[in-house]
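Please load the model in a viewer and keep the selection panel at hand.

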Amino acid sequence: QDDVQVDVAIIGAGPAGAIASALLTRAGRSVLVLERQHFPRFSIGESLLPQSMAYLEEAGMLQAVVEAGFQYKNGAAFVSGDKTSTFDFRDKHSEGWGTTYQVERAVFDEVLIRRAAEQGAQVRFGHTVQAIETGDAPKLDVSDEAGNRYRVHARFVLDASGFGRVLPRLLDLERPTGMPTRAALFSHVLDALPAGSMDRNKICVAIHPERRDVWYWMIPLANGRTSVGCVADASFLDVPEAAREATLRELMRGEPTVAKRFGDAPFLMPVRQIGGYAANVERLHGPGYALLGNAGEFLDPVFSSGVTIALRSAHMAAHALLRQFDGERVDWMADYDVPLRKGIDTFRAFVERWYTGELQDIIFYEQQTPSIRRMICAVLAGYAWDETNPYVADPERRLNTLHEVCTMD
Ligand code: FAD
């Protein structure tokens with residue numbers, strides 16, 4: 001393989017890499033995406049949030065996503081024992097899309113990167129980034145599957161390597177997350193429920209009958225399957241591979257709503273486990289590079305915020321980079337790191353209070369003022385950067401006060 005010269009080298013062809021590559025290519029920049037695997041490949045993270053639609057639209061991908069035939073999604077339902085609380089994302093405080101999709105990521109990610117390639121991005125599958133030299137003219141060392149090594153000379157590198165966390169590892173940027181170590185057991189089940197017996201247009205999150213910090217997801221997908229998973233403290237789900245299926249089955253039968261819908265539903269793929277996924281970095285940028293999506297910070301799956309944060313980060317970094325290429329001085333801390341993390345911190349305030357149970361008190365509070373419910377709904381729909389929403393502008397204080405109101409009687 002010969003050495004390559006491009007404007008931007010992107011590590012990883014997941015949603016963050018696909019959106020960033022499309023936006024930069026559309027603006028006339030040369031982009032090379034290096035992806036270690038071959039697509040389609042399995043990925044977790046199937047429930048999108050409406051906020052992500054704006055970025056798909058901007059990157060010229062919306063029509064392809066609509067035409068792929070994914071399961072329509074308009075909200076989230078939370079279940080605890082016999083209580084249910086339903087949010088319709090169209091009834092929200094913030095402007096913007098109120099609907100989206102629940103997607104098989106193998107298909108979704110392939111649609112996105114194909115659209116990026118159709119718009120001019122060069123994508124190399126089976127190529128792994130091994131090393132980086134940072135600076136004004138960064139260089140990547142890449143290997144292909146035949147063992148050939150070559151160099152990519154770029155003007156800038158975007159790390160969209162997700163849980164691969166290429167630059168955080170190579171540059172020693174990892175920082176503790178402050179999130180306890182949690183894990184998930186999950187699979188897809190055959191979904192043969194009679195029409196109308198469940199609202200397929202919403203993710204359903206059910207809380208374990210005895211432990212408020214343990215929860216299940218049910219994400220109906222197209223083609224008669226539903227994604228089911230259980231999230232808990234890592235020690236709670238620490239079982240050998242051979243016991244995963246029986247453990248998930250037992251957990252599913254232990255929660256009435258999951259049990260009623262899918263207690264006996266056959267698994268359509270081996271039960272998988274993922275743990276210790278929360279991650280953080282010292283900073284989301286450095287000389288000649290920036291980190292996107294999961295390669296930067298990842299909090300927790302409970303509010304399905306991962307892909308939305310990945311797309312938002314791609315959108316912000318691509319625009320900052322285009323300004324830099326146009327000769328403007330970009331302050332990556334002030335223009336990228338701080339504003340991206342502002343929204344991540346909104347989700348963090350919600351996630352932390354989910355696991356203490358406070359957010360659950362808020363969600364299931366029956367006398368909620370409608371305007372406040374619409375503000376909570378906007379964050380759940382992914383509008384975590386809209387500072388007209390008081391629960392975005394000052395999430396911790398607002399949630400603490402609201403929790404007091406909801407538990408007063
Ligand atoms: P990825 O989609 O992970 O893509 C990274 C790509 O980089 C991969 O294709 C990988 O092969 C490639 N790569 C890695 N290393 C290298 C290398 N050295 N060289 C070249 N290529 C490389 N998010 C949601 O939005 N909704 C959900 O419902 C949801 N549920 C989740 C449930 C669980 C249990 C977990 C753990 C996460 C969940 N997430 C969810 C989060 C979601 O999975 C991620 O946030 C999302 O996939 C991040 O996208 P990305 O583009 O940053 O990275």
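Begin by selecting Asn294, which sits in helix H8 (residues 293-296); helices (H or I, at least four residues) and strands (E, at least two) are DSSP runs, numbered from the N terminus. The model is a predicted one, in which local features need pLDDT of at least 70 and side-chain atom pairs count only at pLDDT 80 or more, while totals for chains, interfaces and linings use all residues. Residues are numbered from 1 along each chain as its sequence is written.

**Around Asn294**

Is Asn294 buried or exposed? Asn294 is buried, because 26 other C-beta atoms lie within 10 Å; the class requires 20 or more such atoms within 10 Å, exposed means 12 or fewer, and partly exposed lies in between, with C-beta atoms placed from the backbone. Contact here means C-beta atoms, placed from the backbone, within 7 Å. Display Arg165 as well: its C-alpha atom is 7.4 Å from that of Asn294, although the two residues are 129 apart along the chain.

**The nonpolar core**

Next, select Ile19, Ala20, Leu158, Leu292, Ala314 and Ala317, the residues with the most contacts inside the largest nonpolar core, which has 127 residues. Such a core is a set of buried Ala, Val, Leu, Ile, Met, Phe, Trp, Tyr and Cys residues joined through C-beta atoms within 7 Å. Helix H9 (residues 306-325) gives the most to this core, with 10 residues. Centre the view on Leu158: beyond its neighbours within four places in sequence, Leu158 is in contact with Val8, Ile10, Ala20, Ala290, Leu292 and Ala317.

**H9 against H10**

Axes are lines fitted to C-alpha atoms, for helices over the stretch in contact, and angles run from 0 to 180 degrees between N-to-C directions. On the H9 side the contact includes Ile309, Arg312 and Met316, and on the H10 side it includes Trp332, Tyr336 and Leu340.

**H1 against H4**

Select helix H1 (residues 15-26) and helix H4 (residues 105-118), whose axes come within 8 Å and cross at roughly 20°. H1 and H4 are therefore roughly parallel to each other. Among the contacting residues are Ala18, Ile19 and Ala22 of H1, with Leu112, Ile113 and Ala116 of H4.

**Helix H2**

Move to helix H2 (residues 51-58), where Gln51, Ser52, Met53, Tyr55 and Leu56 are buried. What covers these residues includes H1, helix H3 (62-67), strand E6 (100-102) and H9. After H2 comes Gly60, with a positive phi near 70°.

**Strand E7**

Finally, select Gln122, found in strand E7 (residues 122-125). Gln122 counts as partly exposed because it has 16 C-beta neighbours inside 10 Å. Leaving aside neighbours within four places in sequence, Gln122 is in contact with Val31, Leu32 and Val33. The C-alpha atom of Ser21, 101 residues away along the chain, is separated from that of Gln122 by 8.7 Å.

Terms used: Two residues are in contact if their C-beta atoms, placed from the backbone, lie within 7 Å. Angles under 35 degrees count as roughly parallel, over 145 as roughly antiparallel, 65 to 115 as roughly perpendicular and the rest as oblique.
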